[in-house]
Amino acid sequence: MNKKSRLWREYLISYVFIFAIPFLILGIFIYMNAVKVVQHEIEQANSYKLKQVQSYLDGQINGLKHMAAKMAFDQRLTPYAAKLNDYSAAETVKELSRYKDNSLILDGVLLYFRDDNQIFSDEGVVSLDVLTQQMYRFPQAEREAFLADLSASLQITLKPAVPVQLQGDREERLLTYMFPIMPNNSQPYGTVLFLINESMLTSAMSNVLGNVQGAVYLLNEAGDVLAVERTGESPEVERIMKRSELKTGEVISRIGSTSYSVMSEKSELTGWTYMIVMPTDQFWNRVIQFKQIAGLVLFMVLVIGIVAAWFVSIKKSGPIRSLAAHLQHKGAPGRENRPNANEFEFIRGAVDDLHHYTLQLQTNMEQQLPLVIDQMLYRALTGRGSEAETGAGAAFYPHIQGQSYYVMVISYRQDSHQPLGSSGREAFYRLLNRIEVADGNGFGIELLDEQAFALVMAVRESVADTRAHQVQAANAIQALLREKAGIHSLIGVGTACSELSAINQSLIEGLATLEYRLLFPEGHVLFFEDTAKLQDQNRQYSMGDQMKFTQSLRMADQAVCLDSLHAMLNNMAQMEQSMLMLRYICFDLVNAVLKEIRSLKVGMEWPETKRMMEFQTLEDLRESMGIVVARICEHVGAGKQSKRADLCGRIIAEIDRDYRSDQLSLDRLARQFDVSPSYISRLIREQTGTSFLDYVQQLRIQAVKREMLATDRPIKEIILEAGYQDMSSFIKKFKKSEGMTPGDYRKKARLE
């Protein structure tokens, strides 16, 4: 049998075993308990119905007792009030009628005063003869007992139901319920008589039987039958009552030659006994039917479970077999040497390969992450990054987070005082791209326009002496450059700031210090605070602001430039100098701006420039110079952007022309355009939004798609021509990009 059938059989056996064993154990347990529960529920249901009848009739009888007691104290039903005149007699009849309406089981209400020949009823006042011979014709024996009890009964008496002829020759079985007035009195003056129709009692009792073949009996305290409701044949009640073992709530299996189930409830209120008698065979027949149904249901569940296990085993093993076949058809890498492996082993090998591919992808992402961080830091250094961008970058790359930040600017100079080439700058970048120093990290960014390397320093914890930390970090960088690259570079250090978004000012300060490289040999570390103080000794205003002003003007950082300008003009306004010296200082600032205008060959014709040179007041100079500075920053920024865009355009054009070549690489482009590979990578990401490799891959995929749709050439030949030597690698990349293989793409396009 092949592997596929073995896999299915293993699934089937395991599912059947998992289902059948617990099912049989639980099924037997549930079956046995369910039978007992059903038997108990049947008994409880009959008992509950019997108690319902008991509760209902007890309530009615208790109501009659309360009614009789109320009638005994009713002044309108006294002998004097009833016999006063005909009107009072009529009122008595009405009062009896109202009492009758308060009970559901009464057929009539009578009031008899002892030693009187008349009796009051809810229908009128009649003589005893008329009552017993016309209205209610009792049997002779019952009539005499009835008349005797009316005059002589001293206790509450309930007579069993007897047949009585009513007016219109209608026969009913009536129970008589007599209450002496007053009860338990040795000399009562009257009797309240309630006539109860047996059908009123049995109608409530018949609801108990339902479809049961049996009988419901109502017995008084003496065991006499007060009322009975029969369905079909039922045993004689006398035979039941003679059973000495009969007790309330007990079920007796056999009475005489016939098996009956007897259930009885005795009322504590009235002393009456309510009894159900039903054939035992009928009782157990319902249990037997339930057993058969329950057994059939359990058997059907077992069969359904086995069928379900068979179906689920097919469904569960099917995808695994299909997946294994699919992987085998697609040529899972590394699995060709395992032809005898089963589906699980084959899939496990494919998962291992996928995990390996995922690790490679994660490695590629980690390699691309520094490019993203470089872009974010570059925007912050040039003053174009927002607080949201720097905050998101810090959260994305937690190592860049710190309590304070500052910039160290390193010039591209070797011992020969010659600028570094592309390979040298790349080595410089790799050396300082990510660096660890005491209590902080360094992140390097190449500044091609400034021919310098900016190292953004993040201080992880608050330090008591920021200058000491800067000195320690700068010395460590100098030592690293001397040891690893043999470079003795001049380093300019800007002041520290608390927000990453403000490091552009620190960069400008670092660049400004490099302007004094003529005064210091290579290998020195210059701090912006020191150079600013050095100039302050010979000037009457802050040359630190002037240095930041000049450098920010060259970098087109308008915000820092205007802040420095306003700071210098504010300092001038507070100087205690002669007007001649003050104008000299102002013209010094004007000359700095004119120098930049001359180097840019723009701005001399601006009206603001002329106004700046003809200023009369400091506010006039502030306004006109502010406009000129803003326009210069815009021009410089546009020039840098144009130069950067031109370089990026030439690089992209070169990639677009040469993307089919397998010799195309970042190193080749760096040598061709005299920039570092990392700088080119950053430019490509800015322009295309993707990495260099992804952009080249997109070009090649687009070329393959165009060629497949335009020609009938073999796909392999087209792929090789596009620059891919590894067919399987390209097919995977194509499928990831387009969701299908190249062959399927060509078929789908032609069908459409």
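Which element gives the most to the lining of the largest cavity? Keep that question in mind while setting up the view.

The model is predicted, so to speak of local features a pLDDT of at least 70 is needed, side-chain atom pairs count only at pLDDT 80 or more, and totals for chains, interfaces and linings use all residues. Residues are numbered from 1 along each chain as its sequence is written, and side-chain values use heavy atoms, with hydrogens and water left out.

**First stop: the largest cavity**

Searching the whole structure gives 2 cavities of 30 Å³ or more, where a cavity is a set of points, on a 1 Å grid over the protein atoms alone, at which a 1.4 Å probe fits but cannot get out. The largest has a volume of about 90 Å³, volume being the space filled by probe spheres set on the points. Select Phe138, Glu142, Ala145, Phe146, Asp149, Lys159, Pro160, Val162, Leu174, Thr176 and Met178, which line this cavity, lining residues being those with an atom within 4 Å of a point. Two or more lining residues come from each of helix H5 (140-152), strand S5 (157-166) and strand S6 (170-181); helices (H or I, at least four residues) and strands (E, at least two) are DSSP runs numbered from the N terminus. The answer to the opening question is H5, with 4 residues. The lining divides into 7 nonpolar, 1 polar and 3 charged residues, with Ala, Val, Leu, Ile, Met, Phe, Trp, Tyr, Cys and Pro counted as nonpolar, Asp, Glu, Lys and Arg as charged, and the others as polar.

**Second stop: H4 beside H5**

In their contact (heavy atoms within 4.5 Å), Leu128, Asp129, Leu131, Thr132 and Gln133 of H4 meet Arg143, Phe146, Leu147 and Leu150 of H5. These residues divide into 5 nonpolar, 2 polar and 2 charged. Phe146 also belongs to the cavity lining.

Move on to helix H20 (residues 666-673) and helix H21 (residues 677-688), which pack at an angle of about 100° with their axes 8 Å apart. The two are therefore roughly perpendicular, a term for angles of 65 to 115 degrees. Select Leu666, Asp667, Leu669 and Ala670 of H20 with Pro677, Ile680, Ser681 and Ile684 of H21 to show the contact.

**Last stop: H19 and H22**

Finally, select helix H19 (residues 618-658) and helix H22 (residues 692-710), which pack at about 45° with axes 10 Å apart. Here Ile652, Ile655 and Asp656 in H19 meet Phe692, Tyr695, Val696 and Leu699 in H22, a contact of 6 nonpolar, no polar and 1 charged residues.

Definitions and conventions:
Axes are lines fitted to C-alpha atoms, for helices over the stretch in contact, and angles run from 0 to 180 degrees between N-to-C directions. On a 1 Å grid over the protein atoms alone, a cavity is a set of points where a 1.4 Å probe fits but cannot get out, and a pocket is an open set with protein on both sides within 12 Å along at least five of seven lines; lining residues have an atom within 4 Å of a point. Angles under 35 degrees count as roughly parallel, over 145 as roughly antiparallel, 65 to 115 as roughly perpendicular and the rest as oblique.
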